[in-house]
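Hi everyone, thanks for making time for this. I have one structure to walk you through, so let me put it up on the screen.

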Amino acid sequence: SMGGMITQIIALDYPEKVLSITPIMTSPGIQNKSLSGPTKGLLEAMKKSFIFNLKGRVEDGVVEIYRQLTGSRFPFNEKEFREKLKPIVEHGNNPFSLHGTAVGASPDRTSRLHEINVPALIIHGTEDAILPLDHGIAVADGIKNSKRLIMEGVGHEIPTELVSEIIREIVENIRRV
């Protein structure tokens, strides 16, 4: 999501360096008051996560968040998630990395999206809890001739089950160059 925001900035400010873009689960700017905010379920999970983090239970905090970020099409598998998470936490996951602060500090790009003039594929899930679908639609609507891959029942994640389809669509977008 933040990568999709960075992608927009690069395409807007350095268009000579961009041939195509694929913003995924992203927003033109979270300050845009016409777009939805995070779901109540995610906000509650963030509170629980913060408390877990303060108690040194980082893994439990991450689980709380990702349970909400996963859509209904491919239900959250806590056991599998914890197995994948363990080496990340051991490596040094930082729950206070200020990722959200960086996103919040980035200005709204809605009024500039029309300047992007390269093949664009906008990928978004219909059940994204942090950047609801209207954020992805706003990006797609703002970039002329953009294509959309709207994934039904998908949250703020890239389900393993859809990786082949997503890759196929990205390659097709690159071929539009």
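I'll start with the overall fold, then go to the salt bridges, a loop residue and a surface patch.

Please keep in mind that this is a predicted model. The protein chain has seven helices and two strands, and in sequence order they run α-α-α-α-α-β-α-β-α. Along the principal axes, the C-alpha atoms fill a box of roughly 50 × 35 × 30 Å.

A few totals for the chain. Buried residues account for 40% of the 177. If you take contacts with a separation of 6 or more, 73% of them join residues 24 or more positions apart. The accessible surface is about 10100 Å², with 57% of that belonging to carbon and sulfur atoms.

Now to the charged side chains. How many salt bridges does the structure hold? There are 10, and I'd like to show you a network of them that links Arg57, Glu59, Asp60, Arg67, Glu78 and Arg82.

Let's go through some of its pairs. Asp60 meets Arg57 at 2.8 Å, N to O. Asp60 counts as buried, at 18% relative accessibility, while Arg57 is partly exposed at 40%. Next, Arg82 pairs with Glu59, with their closest N and O atoms 3.0 Å apart. That pair links distant parts of the chain: Arg82 sits in helix α4 (residues 78-91) and Glu59 in helix α3 (residues 58-69), 23 residues apart. Then there is Arg67 with Glu78, at 3.1 Å between the closest N and O atoms. Arg67 lies in α3 and Glu78 in α4, so this pair ties together parts 11 residues apart in sequence. Both partners are partly exposed, Arg67 at 32% and Glu78 at 29%.

Let's move to the loop between α1 (2-13) and α2 (40-54), where you'll find Asn32. Is Asn32 buried or exposed? Buried, because its relative accessibility is 12% and the cut-off for buried is under 20%. The Asn32 side chain makes a polar contact with the side chain of Ser34, at 2.5 Å. Beyond its neighbours within four places in sequence, Asn32 touches Asp108 and Thr110.

My last stop is on the surface. Ile158, Val163, Ile167 and Val171 form a nonpolar patch there, with about 290 Å² of accessible area together. Val163 belongs to helix α7 (residues 163-175) and is partly exposed, at 31% relative accessible area.

That's my tour, and I'm happy to go back to any view.

Terms used
Residues are numbered from 1 along each chain as its sequence is written. This is a predicted model: local features need pLDDT of at least 70, side-chain atom pairs count only at pLDDT 80 or more; totals for chains, interfaces and linings use all residues. Side-chain values use heavy atoms; hydrogens and water are left out. Patches are made of residues with over 30% relative accessible area and no salt bridge: like charges are joined within 9 Å, nonpolar side chains (Val, Leu, Ile, Met, Phe, Trp, Tyr) within 5 Å. Accessible areas come from the Shrake-Rupley method with a 1.4 Å probe; for residues, only the protein chains shown count as cover. A salt bridge is a side-chain nitrogen of Lys or Arg within 4 Å of a carboxyl oxygen of Asp or Glu. Helices (H or I, at least four residues) and strands (E, at least two) are DSSP runs, numbered from the N terminus. Buried means under 20% relative accessible area, exposed over 50%, partly exposed in between (1.4 Å probe, protein chains only). Contact means heavy atoms within 4.5 Å. A polar contact is a pair of N or O atoms within 3.5 Å; within protein, one must be able to donate a hydrogen and the other to accept it, and residues adjacent in sequence count only if both atoms are side-chain atoms.
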